[in-house]
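Here are my notes on the model, as numbered points. Please read them with the coordinates open.

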Amino acid sequence: MSTEGQAGITYACVTASMSTKVLAEAGNKSNLTRQLTGFITGVVNNPNNPDERGSFNQGPYSYSYMKTNDNFTFISIAPKEVDTRVVMSFLQEMIRDFDYGGDGSAFTGRLNNLLVKYQNAQEMDQIARIQRDLDITKEIMTQNVVELYGRGEDLTQLEGTTAEVDAQSADFKVTTKEVKKAVWWKNMKCRLLICCVLIVTLLIVLFAVCGITFKKCTGDGNSVEVSINTPPGALPPSAPSTAPPTATPTADP
């Protein structure tokens, strides 16, 4: 970790990928030229090194690099006591200044200003920490906005689903009433058919027992005439007389 009074970034440069040619540079690289060339050749441009960024200590200095997708490599040299977070923050700002455009001299001027900015490592570490906190806060706020937007879509979808369920419920009620009515008519037809079968069966039984005219069951067809046979020469019994009795006169003594 850095302490107050320690120097910051010593030297920085930009090279094309897989090349040792420096396109732009700023700072002091006295007595570091040979080490810088070895670092670019043996580490940065090493085909066996797939890392897009890295930091290595050699002697009292730390050599760091960061590659971009447009085939540029950004390199910085700083005392190894300088926190790696500060160095990586410097490289990121260096890339932003490079992407800003302009000719080589304009970028070199911006790079010199950036080196001055990063002379106090401890201060820049605090600034980098604040910047990270701001970036994290920004990311959280962006995520919250995205989630709110997603919730809005979910609510809209939920409203559509609710309306669809209501429509299906109304259709279900209509269908239920129609089915209920159809079942009621079916039951009524079955009851009427059963009643008709019972009535026909009862009539068949009555016709079989009493006949079609029902004389067998009313007594008109079962009357019996009673005759009294009298012997020959005998008078038939007379009917009792219904004439009133006559009085017999008596003589006075």
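1. The structure, a predicted model, holds three salt bridges. A salt bridge here is a side-chain nitrogen of Lys or Arg within 4 Å of a carboxyl oxygen of Asp or Glu. Side chains of opposite charge can pair when their charged atoms come close.

2. Conventions. Residues are numbered from 1 along each chain as its sequence is written, and side-chain values use heavy atoms, without hydrogens or water. Local features need pLDDT of at least 70 and side-chain atom pairs count only at pLDDT 80 or more, while totals for chains, interfaces and linings use all residues.

3. E93 and K117 form one of the salt bridges, at 2.9 Å from N to O. This pair links distant parts of the chain: E93 sits in helix α2 (residues 84-99) and K117 in helix α3 (residues 104-117), 24 residues apart. Helices (H or I, at least four residues) and strands (E, at least two) are DSSP runs, numbered from the N terminus. E93 counts as buried at 16% relative accessibility; K117 is partly exposed at 38%. Buried means under 20% relative accessible area, exposed over 50%, and partly exposed in between (1.4 Å probe, protein chains only).

4. R85 and D83 also meet in a salt bridge (3.4 Å, N to O). D83 is buried at 12% relative accessibility, whereas R85 is partly exposed at 32%.

5. E25 pairs with K29 at 3.4 Å, N to O. Both ends are partly exposed: E25 has a relative accessible area of 32%, and K29 has 25%.

6. Now the strands. β5 is mostly covered, with seven of its eight residues buried. It pairs with β1 in the antiparallel sense over six bridges; A16 stands opposite F72. β4 and β5 run antiparallel too, joined by seven bridges, and Y65 has I75 as its bridge partner. Strands pair if DSSP finds at least two bridges between them. In the β4-β5 hairpin, four residues lie between the strands, and N71 takes a positive phi near 65°.

7. Which residues of helix α1 (residues 33-44) are buried? They are L36, F39, I40, V43 and V44. Seen down the axis, the buried residues of α1 fall within an arc of 110° (directions from the helix axis to the C-beta atoms), so they line one face of the helix. They pack against β1 (11-16), β3 (53-58), β4 (61-67) and β5 (72-79), with contact meaning heavy atoms within 4.5 Å.
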